[in-house]
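Please open the structure in a viewer and follow the selections below in order. Each stop names what to select and then describes what is found there.

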Amino acid sequence: MRHTISVLVENKFGVLSRVSGLFSGRGFNIESLSVGETIDPDVSLMTIVTIGDDQIVEQITKQLNKLIDVIKVVDYMDVDHVERELVLIKAAPKKNDKTEFLKLTEIFRGKIIDSGATSFTVEITGDEKKIAAFIELIKPFGIKEFVRTGKVAIAREGLKKAKQ
Amino acid sequence: MRKSGAEILIECLKKEGVKHIFGYPGGVVLNIFDALYDEKGLELFLTRHEQGAIHAADGYARASGKVGVALVTSGPGATNTVTGIATASMDSIPMVVFSGQVPTMLIGNDAFQEADIVGMTRPCTKHNYLVKDVKDLAQTIREAFHIASTGRPGPVLIDLPKDVTTGMTEFKWPEKVNIRSYSPTYQGNKYMIKQAAQMILKSKKPVIMAGGGVILSEASKELTELAEMTKIPVTNTLMGLGSFPGSADLSLGMLGMHGTFYANTAVQNADLLIGIGVRFDDRVTGKTDTFARNAKIIQIDIDPTSIRKNVPVDLPVVGDIKHVLKDLLKVLKDEKEQWGAIRKSWLNQVDAWKKERPLTYNFDKKIIKPEFVVEKIHKVTKGDAIICTEVGQNQMWAAQFYKYDKPRHWLSSGGLGTMGYGFPAAIGAQIACPNKVVFDIAGDGSIQMNIQELATAVINKLPVKVAILNNRFLGMVRQWQELFFKERYSHTGLDVTPDFVKVAEAYGAVGLRATTPDEVEPVLRESLKIKDRPVFMDFEVDWKSKVFPMVPAGAAIDEMIFDEEVKEKSKKKLKAVK
């Protein structure tokens, strides 16, 4: 199962290494990781996407909680939430395909943020499914490269699901 | 008052109640050692290797319950501590280690004697710090001691760049520690405790499995009360030896790979297993899906990550063991159950297993059996000594054949299994408990891993007794080679073993030797008379002796192998009796 885990941490040097070391030391892979300051500049929020069965993820969240610099851990599996990821895609559609490509970008509410002699750079934001669908659709047009920010997630207001 | 970082360090240690530290000097900690030179309230014991310093601090902590403290220099001084820190981490021992570091402006430049010790020890400390400003020093030390000694204890490392310890600042001792992201759970959940009491009431064949957590939580009294009241037999993990009196009727001794037949059999037949301060290590469980196969499992532990890590648990109680057991006792007392009556048939069954296959070995008149030496140590010390061990066969025999009746009398590297731990740990324990008899039960392999600490013991007049079970082999590995590798003894024979008597004498210690069983007790008694220096006792033991029972790695814990020779003998005896 893919889990999105948000980790509220003290904004100190070395914290990222403690968190990532916890994954690597147990042979767990991090699929994506994004870190940024929160409203309190002393606190940062990490959003980590990882894959593992329930027992592994339970162990990961407990171990994260055990780290001294970790303030709070939320596994969004149990929480109603919204999530987004931003991707920049450089694609090089052939001359005849350009209109089609731009139309698709528009449908997915992507933005062209740069264009050169041979390529466009599209900025697209969305959840996992939307981004996967978009990438799938424009693959035939020729993707040169893309970069992803990693997922960020936030809980919906007051709609906590009861734990099973 | 303005003070230097080095002076602040010393003030803080005194405020934390530290009296003894273990260490080794070097370039970037010169000024700290200089500040210690005139210090009366704080004694530093100079070991002969940084690993010795860490194990000594560890032994000091295990024997006394206080936080062990060590101070070493940067680079190799710091890296030499890593094995000791990992040892303490695996066994949850409270410890604060101060390492020197190159000046902050040189960090990351590959300066002379620079090592990223914070990076290296991150996975084997409970927490660690690099202090970058002398103004943060006092607060950091306060936090380190708090973290090391509360919750599930563990080692904390503080890296001190030279310019931090030479820098000056106003010193103010922070009275309170408040770490918003760290608050261990002490009180167990009331509902869970009530559930646990119900499970105990309903069970017909319960077993308590008590581990090192009981000792760390100082809960031996509560554990003993619980077991005696509810008439539940108790087995100990290696780390838990002494948490419940080993000579009590309800004691099953140790369980696991080299556990007793009756402990392993009882666990496999139990309908309820109450794990208290244990983490279900693989050496205890054997094949996990067969472990305690008929039992519901209750697990009481302060560390939520220990719960359900290795085996599924039916009822977890997160909290400090002492608190939880007190609450549990209260609930159970209200039940006014006739415990003796409801446990009778189960206890009879357990007794039958005890009689069926007691812990035994094949005594020989001519050759010293290592188990015999351990039994004699128990006899001459009246079971009241602090016993440290190395790792291997010596450790297992010491666990099996000495009965530990009190907590903090058994000091052994359980988790990491560090050879070379016992002797320096014994030095630390002797410093913590000057009036106690302290033994290190060693093998000829392990003792050579930190033999240089003889100098530390001699110069400090520490009467540590080292009983070397000398079989001229790395015995435990040899045992595995004999049983599982067709007797191909690849690199386990220690053909050149030093004359340990002469080694001891060369350092100014006493060396004794026993070559026949008759000599064992006199040698041990002789060692007890020596009060002003360490003693090495070289016991030339049967190299063929193996540790039994034994559960092969990956088997279920009731699939034990026994010493066939012993079995044959006992059969003959039985026939003779008939």
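**Between two domains of chain B**

Begin with domain 2 of chain B and domain 3 of chain B, between which one salt bridge is counted. The model is a predicted one. To display this salt bridge, select Glu218(B) and Arg408(B), whose closest N and O atoms lie 2.9 Å apart.

Next, colour chain B by its domains: domain 1 covers 2-170, domain 2 covers 190-356 and domain 3 covers 370-540. Taken over C-alpha atoms, the centres of domain 2 of chain B and domain 3 of chain B are separated by 31 Å. Each side supplies residues to the contact, 17 from domain 2 of chain B and 17 from domain 3 of chain B.

Now show the surface between these two domains of chain B. Domain 2 and domain 3 of chain B bury about 1,400 Å² between them, and 61% of that area is on carbon and sulfur atoms. Within domain 2 of chain B, select Leu238(B), Leu241(B) and His258(B): these residues lose the most area to domain 3 of chain B, together 39% of what that side buries.

**A helix pair in chain A**

Move to chain A and select helix α3 (residues 98-107) and helix α4 (residues 128-138), which pack at an angle of about 175 degrees with their axes 11 Å apart. Because the angle is over 145 degrees, α3(A) is roughly antiparallel to α4(A). Show side chains for Phe101(A), Leu104(A) and Thr105(A) of α3(A), and for Phe134(A), Leu137(A) and Ile138(A) of α4(A), which make the contact. By class, this contact of α3(A) with α4(A) comprises five nonpolar residues, one polar residue and no charged residues.

Conventions
Residues numbered from 1 in each chain as written. Chains lettered and ligands numbered in written order. Predicted model: local features only at pLDDT ≥ 70, side-chain atom pairs only at ≥ 80, totals over all residues. Heavy atoms only, no water. Axes fitted to C-alpha atoms, helices over the stretch in contact; angles between N-to-C directions. Helix = DSSP H or I, 4+ residues; strand = E, 2+ residues; numbered from the N terminus. Parallel < 35°, antiparallel > 145°, perpendicular 65-115°, else oblique. Contact = heavy atoms within 4.5 Å. Nonpolar A, V, L, I, M, F, W, Y, C, P; charged D, E, K, R; others polar. Domains from an automatic or database assignment. Buried area = accessible area lost by both parts, 1.4 Å probe. Salt bridge = Lys/Arg side-chain N within 4 Å of Asp/Glu carboxyl O.
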